[in-house]
Amino acid sequence: MIYTVDRIEGDRAVLEDENRQMSDLPLAELPAGLREGDLLEQTPEGWLLRPELRAQRLARNRALLERLKRRNR
C-alpha cells in the first residue's frame, strides 16, 4: 500500500493511505530525509521512499492545473 506524508509534527509523521485513512508513526521508523508530500510504500522489509511516484503525481497535478488555466481564459 502507498502512503502520503501529510505532515510532520515534531518527531512523528502523519501518513494518509490510499483509502484516506490517517495514522501517525515515529520519524525514527521511517526513511531519513522524509518530507511532507513524499510517498512511501510499506514492504515486508520496512518503509520504502518512492520519489518516482511523487514526481509522477506532481507532473499529473501540473498538467491538470494547466488545463484548468487554459479552460478559464
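Asp6, Arg7 and Glu9 are linked in a network of salt bridges, a salt bridge being a side-chain nitrogen of Lys or Arg within 4 Å of a carboxyl oxygen of Asp or Glu. The structure holds nine salt bridges. This is a predicted model, in which local features need pLDDT of at least 70 and side-chain atom pairs count only at pLDDT 80 or more, while totals for chains, interfaces and linings use all residues. Residues are numbered from 1 along each chain as its sequence is written, and side-chain values use heavy atoms, with hydrogens and water left out.

**Strand to strand**
- Arg12 and Asp24 meet through their side chains in a salt bridge, 2.7 Å from N to O.
- Arg12 sits in strand β2 (residues 12–17) and Asp24 in strand β3 (residues 22–26), so the pair ties together parts 12 residues apart in sequence; strands (E, at least two residues) and helices (H or I, at least four) are DSSP runs, numbered from the N terminus.
- Arg12 is partly exposed at 32% relative accessible area, and Asp24 is partly exposed at 40%; buried means under 20%, exposed over 50%, and partly exposed in between (1.4 Å probe, protein chains only).

**Loop to helix**
- Asp38 and Arg54 also form a salt bridge, at 2.9 Å from N to O.
- This pair links distant parts of the chain, 16 residues apart: Asp38 is in the loop between β3 and β4 (39–43), and Arg54 is in helix α1 (residues 51–71).
- Asp38 is buried, with a relative accessible area of 5%, and Arg54 counts as buried at 17%.

**Within the helix**
- Glu66 pairs with Lys69 in a salt bridge whose closest N and O atoms are 3.7 Å apart.
- Both residues lie in helix α1, three residues apart, about one turn of the helix.
- Glu66 is partly exposed at 34% relative accessibility, and Lys69 is partly exposed at 43%.
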